[in-house]
Amino acid sequence: MKLRKILRRVTSMCIILSLVASVSVFAFPDVDESSKIGKAIVKMQEAGYIRGFEDGTFRPDATLTRAEFVTIINKMYGFKVETENVFADVIPGEWYYKDVLCGVQAGYIKGHDDKTFRPNDTVTREQVCVMMNRILNVELIPYGKKITDTVSDWAKDSVEKLVSNRFFTLEEGGKFRALQPITRGETCEALEKCIVDVPIEIVPVDLENIVREELEERLSGMIEVMESTIIPGCTYEGTIDVAKRITESMKKYLEDENYDYMEDAKATYQVYKKLGYAKAGELKQLIFDNIETENISILFDFFYTPEIDS
């Protein structure tokens with residue numbers, strides 16, 4: 001594949017990252033930034049996923065509507081592809097219309113049995129668990145505690161998995177308050193755990209200005225790190241598979257500069273999407289811990305994400 005085609009996607013990714021990194025951050029007068037929830041709110045704001053009200057407040061104890069929660073999720077995961085409207089109460093022209101359809105396409109929105117979405121209803125804690133688990137696909141792990149209050153049958157599996165993975169903590173007496181509306185602060189506390197900390201700045205790389213010899217040297221170096229450190233450092237079979245796929249794709253490109261690696265990259269991404277939160281997070285962290293900053297954007301070009309080209 002020609003280098004200018006690689007450059008287009010790398011540059012797009014770096015623009016996205018720079019936009020996220022440049023979000024203006026303001027202190028909320030009603031948020032205690034030293035508290036656990038306060039720290040989560042700040043982290044979500046710094047990432048550009050949430051914002052306050054016009055009066056400068058955040059209102060951490062206020063509730064969210066189902067539509068508002070969907071807009072946050074879509075922003076976090078870059079869900080931008082819409083599908084046809086399947087809900088009678090999701091009206092074209094409403095501010096949430098496109099976000100709801102993107103949520104349906106992404107697979108985490110199912111709606112109610114009566115074919116409604118009820119966008120203006122407050123979203124409950126158990127509803128958040130179900131939607132999050134459809135995205136993260138976490139596994140139930142030993143927790144040693146039991147939920148003692150009511151959880152709807154359709155939400156029990158998701159609630160237990162999210163609690164066991166510490167996205168939510170049980171209150172005194174094992175209470176979860178599944179049927180109650182989730183607050184804005186509680187939402188940030190759960191969702192900030194989905195943000196992989198990357199305390200580095202990824203600098204755009206103009207591959208057209210990299211001579212073939214230098215590109216080969218950088219790819220060879222990354223392949224060596226992948227095989228000597230990252231792959232052995234993976235603890236999950238699925239994570240190892242993805243890391244090996246990325247490595248093999250770089251090797252093929254080294255052997256043939258005209259090799260069109262896009263199909264392999266798309267296939268790799270589809271495997272990655274099924275890993276779940278813990279496995280995907282492990283691979284990301286290993287890459288950012290062991291690959292030099294200036295090479296990360298090149299490596300991710302062999303790890304295609306559809307959002308980059310949208």
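Helix 3 (66–77) and helix 7 (184–191) each supply at least two residues to the lining of the second largest pocket, in what is a predicted model. Of these contributors, helix 3 gives the most to that lining, with four residues. Helix 3 also packs against helix 5 (residues 125–136), while helix 9 (residues 237–255) packs against helix 8 (residues 212–233) and comes within 9 Å, axis to axis, of helix 10 (residues 262–273).

**The second largest pocket**

- About 440 Å³ of space lies in the second largest pocket, and its lining is made up of 17 residues.
- Nearest the centre of this pocket lie Arg-51, Glu-68, Thr-71, Ile-72 and Arg-184.
- Sorted by class, the lining of the second largest pocket comprises eight nonpolar, three polar and six charged residues.

**Helix 3 with helix 5**

- The crossing of helix 3 and helix 5 is right-handed.
- On the helix 3 side the contact involves Arg-66, Phe-69, Ile-73 and Tyr-77, which meet Gln-127, Val-128, Met-131, Met-132, Ile-135 and Leu-136 of helix 5.
- The residues of this contact between helix 3 and helix 5 divide into eight nonpolar, one polar and one charged.

**Helix 8 with helix 9**

- Helix 8 and helix 9 pack at an angle of about 155 degrees, with their axes 10 Å apart, and that angle makes helix 8 roughly antiparallel to helix 9, because the term applies to angles over 145 degrees.
- Where helix 8 passes helix 9, the crossing is left-handed.
- Helix 8 brings to the contact residues including Leu-215, Leu-219, Met-222, Ile-223 and Met-226, and helix 9 brings residues including Ile-240, Ala-243, Ile-246, Met-250 and Leu-254.
- Charged residues also take part, among them Arg-212, Glu-216 and Glu-227 of helix 8 and Lys-244 and Lys-251 of helix 9, and by class the contact residues divide into 12 nonpolar, two polar and five charged.

**Helix 9 with helix 10**

- The axes of helix 9 and helix 10 come within 9 Å and cross at roughly 170 degrees, so that helix 9 is roughly antiparallel to helix 10.
- Asp-241, Val-242, Arg-245, Ile-246, Ser-249 and Lys-252 of helix 9 make the contact with Asp-264, Ala-267, Thr-268, Val-271 and Tyr-272 of helix 10.
- The residues of this contact of helix 9 with helix 10 fall into five nonpolar, two polar and four charged.
- Ile-246 of helix 9 belongs to the contact with helix 8 and also to the contact with helix 10.

Key
Residues numbered from 1 in each chain as written. Predicted model: local features only at pLDDT ≥ 70, side-chain atom pairs only at ≥ 80, totals over all residues. Heavy atoms only, no water. 1 Å grid on protein atoms, 1.4 Å probe; cavity = no way out; pocket = protein on both sides within 12 Å on 5 of 7 lines; lining within 4 Å. Points joined across faces, edges and corners; volume = space filled by probe spheres on them. Axes fitted to C-alpha atoms, helices over the stretch in contact; angles between N-to-C directions. Parallel < 35°, antiparallel > 145°, perpendicular 65-115°, else oblique. Left-handed = near helix turned anticlockwise from the far one by under 90°. Contact = heavy atoms within 4.5 Å.
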